[in-house]
Amino acid sequence: MAPLLTKRTYQFVVNNFLKLIFIPIALAVSSKADYIIQFYNSMHLTPLHLLCTTFLILYTLTVFLVSRPRPVYLVDYALFKPPRSYRASFAGFIEHARMGRLFSEPKSVHFQMKILERSGLGEETCLPPALHYIPPTPTMALAREEAELVIFSAMDSLFTKTGVKPRDIDILILNCSLFSPTPSLTASVINKYKMRSNIKSFNLSGMGCSAGLISIDLASDLLQKHPNSNAIVISTEILTPNSYLGKERAMLLPNCLFRMGGAAVLLSNRRSDRRRAKYRLSHVVRTHRGADDKSYGCVSQEEDDEGNVGIKLNIDLMAVAGEALKSNITAIGPLVLPASEQLLFAISLIMRKFFNSRSKPYIPDFKEAFEHFCIHAGGRAVIDELQKSLQLTNEQVEASRMALHRFGNTSSSSLWYELSYIESKGRMRKGDRVWQIAFGSGFKCNSAVWRCNRTIKLPVEGPWADCIDKYPVHVPDVVKL
């Protein structure tokens with residue numbers, strides 16, 4: 001009890017230092033009021049002086065108001081919920097692996113079964129129809145069908161929820177890492193909804209699971225340049241053409257983790273959206289470690305010896321992710337951490353540099369900066385590592401674990417399934433701060449910080465609506481198959 005009281009006292013004093021010293025300064029100034037009045041009278045200011053001073057103050061205030069960044073609001077978002085007929089149960093997945101012509105090698109089947117047992121996924125995750133065929137049929141036509149189903153379903157839901165019309169959209173950004181057809185996916189959206197000819201559209205590919213936050217950053221930059229505008233960000237990954245049909249273990253792993261998912265997010269810088277918007281964007285911090293060869297090659301699309309294309313995950317992936325996370329939190333820390341945590345971190349850094357380099361560095365308590373955490377649901381190991389590194393509680397990583405269990409690794413859209421989980425549990429209050437963290441090939445670690453604009457009331461529409469009461473569920477370390 002005593003250490004906790006001491007810690008709270010320290011935090012209060014440091015975080016409110018300026019407020020605390022303002023009181024004695026104000027008292028000292030008020031006690032010298034007579035001297036201040038005498039000094040003012042001795043200056044013999046003319047009306048011209050007062051006019052010039054007033055003009056300077058108003059000019060400075062106007063420049064400040066015009067030059068400050070425009071607020072970026074998250075009005076609402078919509079998520080794709082796959083039909084139950086697309087469900088990929090463990091038993092069905094293993095049966096397909098055994099019966100498939102290319103997966104039939106017993107060692108490959110056994111390896112995938114072991115991965116599934118420890119993956120953290122549940123029995124409700126979904127795969128597209130082409131991957132339910134025996135053998136899988138990854139054709140371009142079926143890939144297009146999957147893309148249109150996921151993207152158009154999310155867009156239809158977003159337009160219904162927000163009341164915004166397609167012709168009201170000024171900026172359209174879509175990220176899909178591994179499926180990049182011609183015409184582009186953004187072109188298919190514009191064609192489907194008959195959007196304006198002067199819409200600014202961007203199609204991002206090859207940027208991995210962190211591309212969703214890259215798209216948010218791009219949209220934020222564009223909204224700074226274009227006042228009174230709406231932007232839609234679509235994040236998804238199309239699985240049909242990207243299932244690995246070979247036998248390399250490092251390339252079989254994504255087959256076991258990645259599942260269908262997609263999100264459509266409406267952003268705005270319009271003042272009229274301030275009251276109805278759910279969140280306001282505070283910061284986006286991007287870290288790219290592509291200059292390091294090991295980081296660059298830890299996640300890559302390659303061919304195996306038999307010519308089968310797949311995503312290869314190197315064994316040093318978690319070490320690379322840890323280094324990227326360190327760089328990212330070093331950049332984001334000064335922006336979000338209270339003064340008390342920054343002071344302790346600075347003292348620790350000085351002590352290690354000049355006195356004892358072997359001492360453990362102080363890990364800032366990010367729980368003092370955020371109420372909610374959305375960690376990319378890339379797999380159980382990713383969530384475990386970040387929970388340990390950031391010293392988070394089980395409740396603070398609950399959204400990530402449950403999103404992984406219910407929907408699997410949905411790539412760049414996973415952060416939005418986690419945010420929807422928090423809302424569906426009734427935990428999001430006005431003023432709450434949310435930290436979204438995502439990792440991607442290249443290697444990248446990206447963060448976005450949002451502040452809740454209004455308390456999110458229940459019930460919440462979305463993919464959790466029919467199952468939120470079942471969660472959280474216990475996810476065992478190993479599910480025996």
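Modeller: K194 lies in the loop between α8 (185-193) and β3 (200-204), where helices are DSSP runs of H or I with at least four residues, strands are runs of E with at least two, and both are numbered from the N terminus. This is a predicted model, in which local features need pLDDT of at least 70 and side-chain atom pairs count only at pLDDT 80 or more, while totals for chains, interfaces and linings use all residues. Residues are numbered from 1 along each chain as its sequence is written, and side-chain values use heavy atoms, with hydrogens and water left out.

Biologist: Why is K194 called exposed?

Modeller: Buried means under 20% relative accessible area, exposed means over 50%, and partly exposed lies in between, with a 1.4 Å probe and protein chains only. K194 has a relative accessible area of 54%, so it is exposed.

Biologist: How do you know that the peptide bonds from L458 to P459 and from Y471 to P472 are cis?

Modeller: The omega angle gives it away, being near -5° from L458 to P459 and about 5° between Y471 and P472. Both P459 and P472 are found in the segment after β11 (444-452).

Biologist: Why is the contact between D76 and K278 called a salt bridge?

Modeller: A salt bridge is a side-chain nitrogen of Lys or Arg within 4 Å of a carboxyl oxygen of Asp or Glu. The N to O distance for D76 and K278 is 3.2 Å, and their side chains meet in a salt bridge. Because D76 lies in strand β1 (residues 73-79) and K278 in the loop between β5 (262-268) and β6 (279-288), the pair ties together parts that are 202 residues apart in sequence. D76 and K278 are both buried.

Biologist: Which other partner does K278 have?

Modeller: K278 also forms a salt bridge with E423, with the closest N and O atoms 3.0 Å apart. Since K278 is in the loop between β5 and β6 and E423 is in helix α16 (residues 414-424), this pair ties together parts that are 145 residues apart in sequence. D76, K161, K278 and E423 are linked in a network of salt bridges, and a search of the whole structure finds 17 salt bridges.

Biologist: What makes α16 count as largely enclosed?

Modeller: Eleven of the eleven residues of α16 are buried, so the helix is largely enclosed by the rest of the structure. Among them are W416, Y417 and E423, and E423 has a relative accessibility of 1%, so it counts as buried. Just after α16, G426 takes a positive phi of about 75°.

Biologist: How do you know that D304 has no salt bridge, and what lies close to its side chain instead?

Modeller: D304 is in the loop between β7 (299-303) and β8 (309-313). D304 is buried, and the nearest side chain of opposite charge, K247, is 8.6 Å away, where Lys and Arg count as positive and Asp and Glu as negative, with His and the chain ends not counted. Polar atoms of the D304 side chain lie 2.9 Å from the backbone nitrogen of G307 and 2.8 Å from that of N308.

Biologist: How do you know how many disulfides there are?

Modeller: A disulfide is a pair of cysteine sulfur atoms within 2.5 Å, and a search of the whole structure finds zero of them. C126, with a relative accessible area of 5%, is buried, and C176, at 0% relative accessibility, counts as buried too.

Biologist: What makes the nonpolar surface patch, and where is F355?

Modeller: L343, I347, I350, M351, F354 and F355 make a nonpolar surface patch of about 640 Å². F355 has its place in the loop between α13 (339-354) and β9 (372-375), and its relative accessible area of 66% is over 50%, so F355 is exposed.

Key: Patches are made of residues with over 30% relative accessible area and no salt bridge: like charges are joined within 9 Å, nonpolar side chains (Val, Leu, Ile, Met, Phe, Trp, Tyr) within 5 Å. Accessible areas come from the Shrake-Rupley method with a 1.4 Å probe; for residues, only the protein chains shown count as cover. A polar contact is a pair of N or O atoms within 3.5 Å; within protein, one must be able to donate a hydrogen and the other to accept it, and residues adjacent in sequence count only if both atoms are side-chain atoms.
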